Amino acid sequence: MMSDVCIVGAGIHPFGRTEGRDGMDQGIFAVRQALADSGIEWKDVEFAFGGSAASGSADNMVSQLGLTGIQFINVSNGCATGGSALNAAVSAIKSGEYEMGMAVGFDKHPRGAFNADPSAYGLPNWYGEAGYMLTVQFFGAKIMRYLHEHDISRETLGRVAEKAFRNGVKTDHAWRRSEVDLDTIMNAPMICDPLTKYMFCSPAEGAVALILASEKKARELGVPIIRLKSSVMRTRPPGSFEVFAASIDNERGGTATGIASKAAFEQAGMGPEDIDIAQLQDTESGAEIMHMAENGFCKPGEQEQWLLEGRSDITGQLPINTDGGCLACGEPIGASGLRQVYENVVQLRGTAGARQVPGNPKTAYTQVYGAPGVSAVTILQR
Amino acid sequence: MSAQPIADNLFTEDMSALIGARNRETGQIFFPLPLTPDDNIEPVTLGTRGTVWTYTVQRFPPKPPYIGPTDPERFKPYVVAYVSLPGQTMVESRLTGVEPDDVKIGMEVEFTVIPLDPDAPLEEQKLIHAFKPVQGE
């Protein structure tokens, strides 16, 4: 039987806004922390995969970390960049070619919503000129249909955001560190109906680095071992509803997350009922709701009851987005998917402090989703 | 010189319908026509009646490349919907002739053309596609 790839070190640069420190420097900060965490030096790292959307090519990090001649490959997969870097790093160790390497992601975005170039998505210029080139519209339209189809109240969207900010208060690396009550969330200015300002995450800054090793190498290091039981990345199937779509098929189909999740559970030999904690992509409140079902944790429509009863709270049956997710941490594109894994590593080690999930969790799940319709899933086990 | 379509190959010549694309092999219909001609893709006239499958409201002025009004004094929130055209596809489109708060999923709508900026001088107006509620039924 093939041995597991293990996470032996994790580092994070706080998310949010850090004046005077560029995105790549935040990445270096996270790498140094991850190295210290695993008790190794940069020269011990045999390879790296990394990426950012707005802060340069990750391989440039060697200028500061050391010119060791390491294989360092840049990854770019939208919001799934971090998940994809991790996926590639896992494969490199599984193949037997390497024993120890790194996945890293970082970013620093300007304030305000992302504004994308139509031609980068194979779209005509008029699409942007006429006012369709906004991810927020897609999110609003998608969750509007979902609420309608599954009879979920708008208030459920508010409860997701309320939970995120509540968890963020307890998280050192979170950006938003104060609670926001449900009334404030529901009565805040509407951005793209049915989503108000507090239901969206904002582009932000931050960085995460993870050191990965073969099981044999991990044992030699003598650090707490977190096993990567699955690392899967998938793109969209026919009939899915993705960002920047001038048309979508009348006949509805599956989702990138749905197929990534199924494959990840198969790879791990587990089912949703075996998972103790989950970090799910919550670009906005609606995404967390949809992803709860797409990853198999509940049926569509059950989310309303889940949120009402606090089943996805830190003390609930399946804590979701324990560090406040993207809503409280903000979204630096390159780092976001790795933040989820970082949070799970900390939770499984039992060192998450005030936000520690009770009951010694043993398994943890992450799912990151990004344009133009990609999803990456990991399953960790202590 | 009068108002002009925002782009070529968007509307039929009389501007009574949108031009979509059909994959000759799979029969799949989508919108708009690809930028690069493809032997496998043929133009198809899209239906002019459909229903609202979902929608949202753009409540703040977009950044470029948007070329409509962005001055907060003049910016009016606009409805963006996916209109299901039976047997064809769902087209992303503005809704017009209905207040944002009155839009309903499942509403019957029909095709129309509107200026991106109604306050612009006629000769500078760019025309875009929209759907409006079907009246009197």
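The legends below describe close-up views of a predicted model.

Residues are numbered from 1 along each chain as its sequence is written, and chains are lettered from A in the order in which they are written. Because the model is predicted, local features need pLDDT of at least 70 and side-chain atom pairs count only at pLDDT 80 or more, while totals for chains, interfaces and linings use all residues, and side-chain values use heavy atoms, with hydrogens and water left out.

**View 1. Where chain A and chain B meet.** The contact, meaning heavy atoms within 4.5 Å, takes in 37 residues of chain A and 41 residues of chain B. Between them the two chains bury about 3,200 Å², with 59% of it on carbon and sulfur atoms; buried area is the accessible area (1.4 Å probe) that two parts lose on being put together, summed over both. Between chain A and chain B the count is 1 salt bridge, a term for a side-chain nitrogen of Lys or Arg within 4 Å of a carboxyl oxygen of Asp or Glu. A:Asp193 forms a salt bridge with B:Arg59, and the closest N and O atoms are 2.6 Å apart. On the side of chain A that touches chain B, the elements giving two or more residues are helix H4 (125-129), helix H5 (135-150), strand S5 (190-192) and strand S9 (247-248) of chain A, and the largest share, 8 residues, comes from H5(A). Helices (H or I, at least four residues) and strands (E, at least two) are DSSP runs, numbered from the N terminus.

View 2. A:Gln137 has its place in helix H5 of chain A, and its relative accessible area of 2% makes it buried, where buried means under 20% relative accessible area, exposed over 50%, and partly exposed in between (1.4 Å probe, protein chains only). Not counting residues up to four places away in sequence, A:Gln137 touches A:Gly131, A:Tyr132 and A:Cys192, together with B:Thr56, B:Gln58, B:Tyr78, B:Val80 and B:Glu92.

**View 3. Aromatic rings that face one another.** Over all chains the structure holds 19 aromatic pairs, and rings of Phe, Tyr and Trp (its six-membered ring) pair if their centres lie within 6.5 Å, with planes under 30 degrees apart counted as stacked, over 60 as edge-to-face and the rest as tilted. A:Trp126 and A:Tyr132 form an edge-to-face pair, 6.4 Å centre to centre with 85° between the planes. A:Trp126 counts as buried at 6% relative accessibility, and A:Tyr132 counts as buried at 1%. In chain B, the rings of B:Phe111 and B:Phe131 have centres 5.8 Å apart and planes at 80°, so this pair is edge-to-face. Because B:Phe111 lies in strand S8 (residues 108-115) and B:Phe131 in strand S9 (residues 126-133) of chain B, the pair ties together parts that are 20 residues apart in sequence. Ring pairs also link A:Phe138, A:Phe139, A:Phe241, B:Trp53 and B:Tyr82 into a cluster.

**View 4. Salt bridges between parts of chain A.** Side chains of opposite charge can pair when their charged atoms come close. Over all chains the count comes to 26 salt bridges. One of them joins the side chains of A:Arg349 and A:Asp37 (2.9 Å, N to O). A:Arg349 lies in helix H13 of chain A and A:Asp37 in helix H1 (residues 23-38) of chain A, so the pair ties together parts that are 312 residues apart in sequence. A:Arg349 is partly exposed at 25% relative accessibility, and A:Asp37 is partly exposed at 30%. A:Asp4, A:Glu215, A:Arg219, A:Arg227 and A:Lys229 are linked in a network of salt bridges.

View 5. A:Asn344 lies in helix H13 (residues 333-349) of chain A and is buried, with a relative accessible area of 0%. Leaving out residues up to four places away in sequence, A:Asn344 touches A:Ile277, A:Gln279, A:Ala364, A:Tyr365, A:Thr366 and A:Leu380. B:Pro86 is found in the loop between strand S6 (78-84) and strand S7 (90-95) of chain B and is exposed, with a relative accessible area of 63%. Apart from its neighbours within four places in sequence, B:Pro86 is in contact with B:Arg49 and B:Gly50, and the C-alpha atoms of B:Pro86 and B:Gly50, which are 36 residues apart along the chain, are separated by 6.6 Å.
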